[in-house]
Amino acid sequence: MVDNELFGGAEPAWRVTVAAELYRIEEHCSHSARAQAETVKIWRVLNLWLGSTAVLAAGVAGSLVLAGDRFPLIAGGLALGAALLATVVSMVAPGRKENQAAEAAKAYRSVETAARQSREVDLPGHAFMQARQVLDELTGRWHAVVRNAPPAPAWAQHRAERNRYVERAEEVMTERMSDIVRVFQTPRRAADQPA
């Protein structure tokens, strides 16, 4: 029977299994979102660096040409460099790749949030068939995001993993501070209880 409990008073076995699967989806989406966010940062820097260098080289080349005939080779070299950088920007398209990675990060965060809410809020009140349907829908969304997301480079995944430990340390400190504050709070009396 599906609703058999492992031990008296413990969660049903199917609920523990579904919660574990939801947690796995949540963790994968969290890691992938961080990796895509790291990818966004690098593409943004590359886009700004290539674009500003091309504009600067073109501006200096134009200034040298307008200043006179003293530096024609330098002006020509800078103009060719600016054209080359503009070509690289159009071929590599860092702005487009930045937008793709940003959209993928948002999609991963959306699935991560849905998985967490399903696991922590909805799952305790669901029957087996409801939980199974929610898990199927969430798995479908997750696979769609994975199919549509551009692959994150290995260095972005490495940076995301490194940043995960920093975020986890902040969460632990926040939880500990909350526990300390709870110790010093006095319980409120119910409004209908006499003083």
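Me: Which helices each supply at least two residues of the lining of the largest cavity?
Reply: Helix 1, helix 3 and helix 4 do; helices are DSSP runs of H or I with at least four residues, numbered from the N terminus. This is a predicted model, where local features need pLDDT of at least 70, side-chain atom pairs count only at pLDDT 80 or more, and totals for chains, interfaces and linings use all residues. Residues are numbered from 1 along each chain as its sequence is written, and side-chain values use heavy atoms, without hydrogens and water.

Me: Which helix gives the largest share of that lining?
Reply: Helix 4 does, with three residues. Among the lining residues are Val18, Ser118, Leu123 and Val134; a lining residue has an atom within 4 Å of a cavity point, on a 1 Å grid where a 1.4 Å probe fits but cannot get out.

Me: Turning to the core, how many residues does the largest nonpolar core have?
Reply: The largest nonpolar core has 19 residues, and Val18, Ile25, Val111 and Leu123 have the most contacts inside it. Such a core joins buried Ala, Val, Leu, Ile, Met, Phe, Trp, Tyr and Cys residues through side-chain atoms within 4.5 Å, buried being under 20% relative accessible area with a 1.4 Å probe, protein chains only. Helix 1 gives the most to this core, seven residues.

Me: What is leucine 123 in contact with?
Reply: Apart from neighbours within four places in sequence, leucine 123 is in contact (heavy atoms within 4.5 Å) with Trp14, Arg15, Val18, Ala19, Leu22, Ser118 and Ala131.

Me: And what comes just after helix 1?
Reply: Glycine 68, with a positive phi of about 140 degrees.

Notes
Buried means under 20% relative accessible area, exposed over 50%, partly exposed in between (1.4 Å probe, protein chains only). On a 1 Å grid over the protein atoms alone, a cavity is a set of points where a 1.4 Å probe fits but cannot get out, and a pocket is an open set with protein on both sides within 12 Å along at least five of seven lines; lining residues have an atom within 4 Å of a point.
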